[in-house]
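Me: I should like to go through the terms used for this structure one at a time. For each term, please set the value against its definition and then conclude.

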Amino acid sequence: MSNFVSQNPLLVVTVVKAAVVLIALLTAVAYLTWFERKAVAHIQSRLGPYFVGPHGLLQPLADGIKNIFKEDITPAGVYRFTYFLAPFLSLGLALTSIALIPFGPAEVEVFGVTTNLAIAEVNVGLLILFAITSLSVYGVALAGWSSNSKYPLLGALRSSAQMVSYELTLTLSVVGILLMTQTFNLREIIVHQAGHYWGFIPRWHFFAAPFPQVIGFLCFFTAAVAETNRAPFDLAEAETELVAGFHTEYASMKFAMFFIAEYAAMVTVSILASLLFFGGWLSPFPAEWGWTLYIPTFALGIGALLLFWDGARYPTLFGKILMPVLGLVLAGLAFASAQPGLIHVIHGPFWFLGKVFFFLFLYVWIRGTLPRLRYDQLMNFGWKVLLPVVTLNVLLTAVAILVFQK
Amino acid sequence: MSAELLLFFVFAALAVLGAVSLIVQRHPIHSALSLIVVMVALAALYLLLGAEFIAAIQIIVYAGAIMVLFVFVIMVLNAGEEERTNLSRMARYVGVPLSILLTAQLAWWMMRATSGHSNGAPLHPTDTRGLARLLFSDFVFTFELTAILILVAMLGAVVLARRET
Amino acid sequence: MVPISYYLVLSAVLFGLGVVGFVFKRNIITIFMSIELMLNAVNLAFVAFSRSMDHLHGQVFVFFVIIVAAAEAAVGLAIVILIARNRESLNVERVNLLKL
């Protein structure tokens with residue numbers, strides 16, 4: 001066994017990295033569902049899950065168990081092969097795109113192999129990500145068609161037409177960034193955003209000279225929300241519209257696969273938005289302001305104190321135990337991030353996770369606040385408004401680069 | 001058996017299996033899915049040959065847009081399974097041998113023509129910048145022509161598929 | 001090291017399979033897909049030659065082939081939709097008269 005490890009170190013390290021990232025992603029997806037239900041509930045002046053564990057924290061576990069034990073019904077008359085293929089395709093593609101994303105700057109040394117913090121470091125990483133996104137249309141289209149029923153077919157046709165239309169905007173909206181960085185490599189795009197203007201404005205692509213990619217970011221995020229079939233673009237799968245759209249005829253585990261695929265796509269898009277436009281793991285404060293290195297400690301410490309206080313006054317016994325334990329974990333992290341050895345290790349991931357979390361919150365916020373778009377309004381918006389705007393962004397960026405950078 | 005050779009055989013087998021499945025399947029949707037498998041296998045082969053940009057373009061355009069169009073048309077037209085009829089006698093006794101002969105000849109001459117060729121320089125992934133430079137300097141006329149071609153095709157498709165109102 | 005001739009033989013085999021599909025199948029859409037298979041086989045040959053001669057012209061040509069295939073698929077499938085509407089069938093043997 002150790003012989004195998006020493007002979008193929010790269011293979012073993014890659015497998016370990018893939019396992020770690022997958023577990024982290026699936027946990028994140030599960031708690032994203034909890035977070036979404038809580039946040040949307042509070043936007044709508046109600047409580048959301050609060051029963052299954054303190055603050056409803058065990059709700060995703062309950063949902064998972066429910067989905068496993070539900071009866072798996074296969075309707076008559078479905079086209080069997082594609083019916084069973086579609087959820088696997090959706091889930092597989094959604095989980096694959098995580099492999100291309102770099103999570104940190106440094107190269108670490110594991111098992112004697114120096115490896116960087118990405119599962120696959122490809123020179124055209126951004127293009128391959130878009131390739132995987134464009135393949136995810138098949139999961140939707142095949143699911144709806146093979147269900148042999150009116151509502152799924154309509155929902156699938158509408159949904160896949162919507163996804164294909166907004167893919168154009170999604171891909172064009174990053175061309176402005178490509179013009180400025182001249183590379184498809186995700187790590188180099190992040191490295192290009194290091195540094196600060198005038199000492200305090202970070203050189204992220206959102207603020208970058210010669211042309212701040214504000215329009216690019218807004219178009220990217222809108223197209224991404226449409227691409228992942230989320231509100232306000234979720235006509236094809238909302239409960240009040242087409243029963244449940246393309247996944248009507250899917251029962252327990254297969255429905256759960258579609259569900260996980262949707263939230264994993266949300267996570268991937270949030271990570272992309274933070275990488276491309278907001279600097280990834282780079283801190284917004286310049287390195288000269290040494291005290292900003294302790295912001296993670298500060299934030300984690302306040303989180304720990306809040307959890308302790310909440311645990312102290314929680315009604316149930318389980319809550320009284322669980323919340324302080326979580327608080328202890330956060331306090332331990334806060335303490336660790338103050339050590340001079342570990343401070344640079346925790347610094348990058350802290351800002352990275354913070355930005356990703358902000359975009360996920362933006363996703364949920366938009367879902368809770370905006371009304372749904374009708375289908376023809378949606379397609380009009382995608383082709384007649386977003387596509388010209390994003391083309392204009394590319395033109396303006398190119399002109400700005402020509403004029404301001406000899 | 002180096003890793004490259006192993007990967008080549010895996011993806012080549014996948015491509016050939018997909019192509020055979022395309023021909024053998026009766027329902028057009030299964031043929032479409034087989035063709036998608038062939039395209040993805042070919043994209044992997046392009047990656048093996050160092051053509052990263054072309055591999056990504058193959059998946060984005062070919063497997064992700066053109067084949068989606070095929071799948072849409074099959075879904076909308078509700079294409080069903082083909083009826084099961086045997087090949088005609090002409091097809092069975094003349095057609096199939098001739099096709100095999102065509103393939104064998106192509107393969108033989110290609111092998112003979114390149115058996116002396118070295119494998120080229122050590123593999124360096126293609127610089128997209130070099131590709132773009134070529135596209136806009138030597139091939140700029142062709143590039144602009146294809147832009148007009150796409151415009152014409154778009155107009156043609158819209159006009160042709162319009163329902164008479 | 002994979003010799004270039006392996007890629008070219010694979011390209012020839014795929015092309016032959018595309019020809020077989022084109023000649024022997026009766027569904028218009030499947031015939032169309034066989035044409036796409038033949039185009040893909042040719043693309044593989046182009047990329048293999050581009051690598052063997054260390055020249056980027058092969059890949060530029062692949063780029064153009066993909067674009068032309070896209071345009072052709074769009075117009076061709078529009079025609080297929082029209083045929084399906086007029087002749088009520090996707091069988092190519094029913095489309096063998098110039099006038100219905």
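Me: How many helices and how many strands are there in chain B?

Reply: The model is predicted; local features need pLDDT of at least 70, side-chain atom pairs count only at pLDDT 80 or more, and totals for chains, interfaces and linings use all residues. Residues are numbered from 1 along each chain as its sequence is written, while chains are lettered from A and ligands numbered from 1 in the order in which they are written. Chain B has six helices and zero strands, where helices (H or I, at least four residues) and strands (E, at least two) are DSSP runs numbered from the N terminus. Read from the N terminus, the order of elements in chain B is α-α-α-α-α-α.

Me: What makes a residue of chain B count as buried, and what percentage of chain B is buried?

Reply: A buried residue has 20 or more other C-beta atoms within 10 Å of its own; 12 or fewer make it exposed, and values in between partly exposed, with C-beta atoms placed from the backbone. In chain B, 35% of the 165 residues are buried.

Me: How do you know which chains touch?

Reply: Two residues are in contact if their C-beta atoms, placed from the backbone, lie within 7 Å. Two pairs of chains are in contact, and chains B and C share the most contacts. In that pair, 68 residues of chain B are in contact with 59 residues of chain C. On the side of chain B that touches chain C, α3(B) gives the most, with twelve residues. Chains A and C do not touch, their nearest C-alpha atoms being 15 Å apart.

Me: Where does chain A touch chain B, and what classes of residue does chain A supply there?

Reply: Here 17 residues of chain A are in contact with 15 residues of chain B. Helices α4 (80–96), α5 (125–135), α6 (137–146) and α7 (150–173) of chain A each supply at least two residues of the side that touches chain B, and α5(A) gives the most, with six. By class, that side of chain A has 13 nonpolar, four polar and no charged residues. Ala, Val, Leu, Ile, Met, Phe, Trp, Tyr, Cys and Pro count as nonpolar, Asp, Glu, Lys and Arg as charged, and the others, Gly among them, as polar.

Me: Why is α12(A) called roughly antiparallel to α13(A)?

Reply: Helix α12 (residues 295–312) and helix α13 (residues 317–336) of chain A pack at an angle of about 165 degrees, with their axes 8 Å apart. Angles under 35 degrees count as roughly parallel, over 145 as roughly antiparallel, 65 to 115 as roughly perpendicular and the rest as oblique. The pair α12(A) and α13(A) is therefore roughly antiparallel. The residues of this contact comprise eleven nonpolar, six polar and two charged.

Me: What makes α2(A) oblique to α14(A)?

Reply: The axes of helix α2 (residues 9–43) and helix α14 (residues 343–369) of chain A come within 9 Å and cross at roughly 45 degrees. That angle makes α2(A) oblique to α14(A). Among the residues making the contact are Phe35(A) of α2(A) and Val364(A) of α14(A).

Me: Where in chain A is confidence lowest, and where is it highest?

Reply: By pLDDT, the predictor's confidence in each residue from 0 to 100, strand β1 (residues 107–110) of chain A is lowest at a mean of 65, and helix α10 (residues 214–227) of chain A is highest at 93. For chain A the mean pLDDT is 85, and 94% of its residues reach 70 or more. Where pLDDT is low, the predicted coordinates should not be read in detail.

Note on methods. Axes are lines fitted to C-alpha atoms, for helices over the stretch in contact, and angles run from 0 to 180 degrees between N-to-C directions.
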